Amino acid sequence: MNQTLHILTSAGLYITLFAYFIAMVFYWFQLITKNKLNGQLATAFTVIGWVGNTIILVARTILAHRLPLANGYEFILTFCWGTVLIYLFIQLHYRLKELGAFVMPIPFLLLSFVVITMGSNEMIVQAIPPALKSNWLTLHVLTAIFSYGAFAVSFGLAVLYLFKAHSGTSSVIKAFVSRVPDIDILDELSYKIILFAFSFLTLVIITGAIWAEYAWGTYWSWDPKETWSLITWIIYAVYLHARLMHDWKGKRAAWLAIIGFAAVLFTFFGVNYFLPGLHSYA
Amino acid sequence: MKKTNQTFWHFFTSMKTGIIILGLIVLVAGLGTFISLDVYSSVCFKLLLGILCINIIACSISRFKGLRKRIHHPPIPRNINAVPHKICSSITGTNDDLFCNLEKNLRSRGYRFTSAETDDGWAFVAQKYRFGYWGAYIVHIAFVIIIIGAMMGTLGFSGGFMALKGEVISFNQIPLNKGSATKDYEIKINSIEDRYLANGERDNWYTNISILREGKELARGNTSVNHPFSYDGVKYYQSRYADYALIVIEKNNIKQEELVMLGQTSNEKEISNELSHRFKQRVDKSDLYVKGLKLQNRPIVYLQIFVTDKGEPSVVNLTPGQNRLVFDEYKITLLELTNATGLEIKSDPGVPIVWLGSGTLLLGLIISFYWRPLLVSGIFTPQDRSGTLLMGMYAGKTIKQNEAEFNGILKELQRIN
């Protein structure tokens, strides 16, 4: 049984990666050719990839007897799963297939990073230390998945917005984004997704603080991960503040959403690989 | 003087100040993660947080009156220029019918309707989800609460100690690394356990402790990682654990007891490798050094004995009660296996306040984001027997959504009229 599950997780990783890659390419083709079939194939491969991603996570949950949220490898898998889930919801709800061309490279690149840089030691199911056995940690990471996933989608929307906004200056770009909804719709959608993601990011920080208080007796210790999550929170708070109070919309808001997502990526990758701290396991 | 006060007030109530301070905090906090200096404890960083706190309090005070007015007495437009124009439309009809239908329509949709007579007609304002205006205000108050909680944390204390099973430590003997505290009770370590699950995975480290005063037990409980024990406002955190072996070294009929700290291994093949990574412990007042390792979940101890001028060390394995002769002159007996626990103690009176602030922050965000106020206002200008109602809706930050709501109101009104 375990052997089967191990094979399933290893094979599932490559199938998911491949499906996300094909989906990304078809989304690009659709943007260029406006061919409906390309869009349908892109969605189909996205769904296949997401199902593969789900199977890996379920298999790993059975193998580890816990949710797969304990190390960097597991977090990347769940981050991709959350990002694609939120993207599929947005695509189906708002009929915005063009967004896939800008969102799907994120899970594809993240999974490529896993395959290229992570060794078998990181991928193997390992026992977790007592500090990680906490329901607050589960809540902390679960909220992070939805927050980061939604920020990834808002990043895609911001890029799409900038493309559409610049379509007047280039006939090539204009041709690519001719079927993309109006820029006001993109702007408002991006704002709504950031509202959702920001609420969840606040929960991420609060649940992390509660967990730290139970585990170490210090709810805040200026650990690099904590500090960078606070910086990310402040960047998005400035985005919301500027929009609410000074009517910052359009290009400026789109650029701020891109900067915010760069901070999200640094909070996850940069801190793990460049800065040591309490979050060395994820 | 008055002018200086006004300048200060203007500075601290300015949103620009807040944004600049936030930017500086981001910059300093970000730099602090790259350099080895503890910038977060520096006066400059604390000063920035202090100014931000003052800025938030000043902004909250200065905006309170306006916000209250906006919620309870929203302005009724006195002329057509005061009607929201981004989402706007007009409708014709007779004076009374239009007024009645409009009021009925808006009230049925949950709007709070207020009207007033103008020079030649009437005007109205209607609000829904008006308490949503409090959202952003609550968020700012939450920050102040969190900062107060964090400041109250400086009134607390923290420290830590290592203790063996059965040891009784007076609270006042615990070395503190922050703050000061005196308590008239002792802490007894009843039991220490390194517990494993059936699958071999470590479950947790458990320490059972009693709080004693003059020998009488006041409280008793377990502490383990993620589950601190709490008594009298002090929390006891499980932070370290160590196995020990109590051994007796006998040479020329002279016996000496020694407590040896042990490492742990689950793999017998790795013993020599694991031992090579451990520090040598000198047996008190002797030329003998020891390294120790315990097999995980089994009462077997491996001791590596070094004696000055004896060359290569000798490795022996013992279970409690067993003895071995090393270098033909030292008789090593393993009396018993014991363990020690490392507990951190903390008292932070600001923690409940920080949680209150965090809860308030979430509440404020939810109200602010998902309880968006809707405001419709308009002015009726009569012409002969009928007249024209120009009405508009405040666009807010979600124009499309508000536009849909406004169109719904308009459609209903046109249908009735």
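**Domain and chain interfaces in a predicted model**

Q: What makes up the area buried between domain 1 of chain A and domain 2 of chain A?
A: About 2900 Å² is buried between domain 1 of chain A and domain 2 of chain A, and carbon and sulfur atoms give 83% of it. Lys34(A), Phe75(A) and Phe102(A) supply 21% of what domain 1 of chain A buries against domain 2 of chain A, more than any other three residues. The value is called buried area because it is the accessible area (1.4 Å probe) that two parts lose on being put together, summed over both.

The model is predicted: local features need pLDDT of at least 70, side-chain atom pairs count only at pLDDT 80 or more, and totals for chains, interfaces and linings use all residues. Residues are numbered from 1 along each chain as its sequence is written, chains are lettered from A and ligands numbered from 1 in the order written, and side-chain values use heavy atoms, with hydrogens and water left out.

Q: Why are these parts of chain A called domains, and what are their bounds?
A: Domain 1 of chain A is 1-128 and domain 2 is 131-282. They are called domains because an automatic or database domain assignment sets the bounds. Their C-alpha centres are 20 Å apart.

Q: How many residues of domain 1 of chain A are in contact with domain 2 of chain A?
A: 31 residues of domain 1 of chain A touch 37 residues of domain 2 of chain A. They count as contacts because the rule asks for heavy atoms within 4.5 Å.

Q: How many salt bridges does the rule find across the interface of domain 1 of chain A and domain 2 of chain A?
A: Zero salt bridges. On the side of domain 1 of chain A that touches domain 2 of chain A, helix 1 (2-33), helix 3 (72-94), helix 4 (100-103) and helix 5 (105-117) of chain A each give two or more residues. Helix 3 of chain A gives the largest share, 13 residues. By class, that side has 23 nonpolar, six polar and two charged residues. Nonpolar here means Ala, Val, Leu, Ile, Met, Phe, Trp, Tyr, Cys and Pro; charged means Asp, Glu, Lys and Arg; the others, Gly among them, are polar.

Q: Which domains does the assignment give for chain B?
A: Domain 1 (2-67), domain 2 (74-129 + 372-416), domain 3 (157-242 + 342-347) and domain 4 (243-338).

Q: How far apart do the C-alpha centres of domain 3 of chain B and domain 4 of chain B lie?
A: They lie 28 Å apart. Seven residues from domain 3 of chain B and eight from domain 4 of chain B make the contact.

Q: What is the area buried between domain 3 of chain B and domain 4 of chain B?
A: About 660 Å², with 52% from carbon and sulfur atoms. Leu164(B), Tyr196(B) and Ala242(B) supply 69% of the area that domain 3 of chain B buries against domain 4 of chain B, more than any other three residues.

Q: What makes a polar contact, and how many residue pairs pass between domain 3 of chain B and domain 4 of chain B?
A: A polar contact needs N or O atoms within 3.5 Å; within protein, one must be able to donate a hydrogen and the other to accept it, and residues adjacent in sequence count only if both atoms are side-chain atoms. Five residue pairs (both at pLDDT 80 or more) pass across this interface. Strand 7 (186-196) and strand 11 (234-251) of chain B each supply at least two residues of the side of domain 3 of chain B that touches domain 4 of chain B. That side divides into four nonpolar, no polar and three charged residues. The salt-bridge count between domain 3 of chain B and domain 4 of chain B is zero.

Q: Why is Glu213(A) with Lys235(B) called a salt bridge?
A: The closest N and O atoms of Glu213(A) and Lys235(B) are 3.8 Å apart. The pair qualifies because the rule asks for a side-chain nitrogen of Lys or Arg within 4 Å of a carboxyl oxygen of Asp or Glu. Between chain B and chain A the count is two salt bridges.

Q: How many residues of chain B are in contact with chain A?
A: 44 residues of chain B meet 47 residues of chain A. About 4000 Å² is buried between the chains, 68% of it from carbon and sulfur atoms.

Conventions. Helices (H or I, at least four residues) and strands (E, at least two) are DSSP runs, numbered from the N terminus.
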